[in-house]
Amino acid sequence: MTRDCTVIRYNKNLQQTDAKLVELLQRFEHINLSDRSQWANTTIVFARHLYNMLQLSRVIAQGAAMRNESRGAHYKPEFPERDDKNWLKTTKASFAPDADEPKFEFEPVDISLIPPRPRRYDVTK
Amino acid sequence: MADNKTVIIKIKRQANPDSKAYWEEFELPQTPGRNVTSALMEIAVNPVTRDGKKTTPITYDANCLEEVCGSCAMLVNGKARMACSALLEKLDHPVKLEPFSKFPVVRDLAVDRSVLFEDLKRVKAWVPIDGTYDLGPGPRVTMQEQEVAYPLSRCISCCCCMEACPQFNESTDFVGAAAISQVRLFNTHPTGKALKRERLAALMGDGGIQECGYAQNCVEICPKDIPLTRSISEVGREVMKQAIGDLFRR
Ligand code: SF4
Ligand code: SF4
Ligand code: FES
């Protein structure tokens, strides 16, 4: 995640990351607990967090892979420009229990009051 | 720091509030910049003691890992401090970790510090607005007032000051420096002032501010450098004033 899902993102690496996450989620099915006691057991808390973290990581990796543009702090060298025509939208993810994976929707951004303009630092607006 | 490439950590453990405490020793590879909390995480990865015995991960509290949440307080080499800001390379070795001694142990290094929460309730450490009607814009706080209030507001409720205080024990029921300092904070707040009398009254009598012996351990140990003894003397004066006033009012 730290290598492939932060500022600079390549689609190929994002797909590999997601595949790795699927593998880790399968391994999670057989997770062992080093503490089996009944009282103040922090290992089980951590294990539960881990599952959630893996699912959320998939949201990040897949969400990033879908968006073929560079926006804000996120830079895809393969798509260096911001693409308002296709991607001026909020990515919304929810968990689909039946498929055991994230489900995505996109909501357009309300630009009725201020039309977006390119973010440029070399000229004054 | 020891010359060899490992660090030895001795941890006082206890399975539950009623069981007996015992010590376990762990040996970890030396890593630059590692703090006590991250050493505990490393032990959890492979919980094996120094003499090769399999054991359970250590139970401890931690949250923010940047000395702002106040949850990871413990005795590190006998001194009350935050585990997340205690760097192994700056400590004497072997490193000794123990739970706070004046608070009930939950398990291992985790203790129950709800007494501070009760103390804060006892002195009404809040600004009384119940949100049932619109009070309009709040009163202005001058720059000078802010400069006094801000350091006080940095308290992270870690309880280090109480652990270190010679007067904080079961026989005194002393509220402790943190709660007294919060009284000063909320009594100087323009809206918080409304409860000033009640707060000062709560600090009178047994367990109140009079228990303080002015040993100054609290101000020495506070990880957030809160001017606790200054707070104690200011609030002490106010409590005295109010007590004398009450005497004549009768
Ligand atoms: S000055 Fe001493 S006795 Fe008073 S609260 Fe601080 S440590 Fe405790
Ligand atoms: S006053 Fe200092 S030592 Fe005491 S609880 Fe607050 S931050 Fe911790
Ligand atoms: S983890 Fe928050 S203060 Fe140490």
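1. Chain B and chain A share one salt bridge, a salt bridge being a side-chain nitrogen of Lys or Arg within 4 Å of a carboxyl oxygen of Asp or Glu. The partners are D35(A) and R107(B), whose closest N and O atoms are 2.8 Å apart.

2. This is a predicted model, in which local features need pLDDT of at least 70 and side-chain atom pairs count only at pLDDT 80 or more, while totals for chains, interfaces and linings use all residues. Residues are numbered from 1 along each chain as its sequence is written, chains are lettered from A and ligands numbered from 1 in the order in which they are written, and side-chain values use heavy atoms, without hydrogens and water.

3. Twelve residues of chain B and eight residues of chain A make up the contact (heavy atoms within 4.5 Å). About 620 Å² is buried between the two chains, 54% of it on carbon and sulfur atoms; buried area is the accessible area (1.4 Å probe) that two parts lose on being put together, summed over both. On the chain B side, P57(B), T59(B) and R107(B) lose the most area to chain A, together 53% of what that side buries.

4. Within chain B, helix α3 (residues 143-153) and helix α5 (residues 177-188) have axes that come within 9 Å and cross at roughly 145 degrees. Helices here are DSSP runs (H or I, at least four residues), numbered from the N terminus; axes are lines fitted to C-alpha atoms over the stretch in contact, with angles from 0 to 180 degrees between N-to-C directions.

5. V148(B), A149(B), L152(B) and S153(B) of α3(B) meet S181(B), Q182(B), R184(B) and L185(B) of α5(B).

Notes. Helix = DSSP H or I, 4+ residues; strand = E, 2+ residues; numbered from the N terminus.
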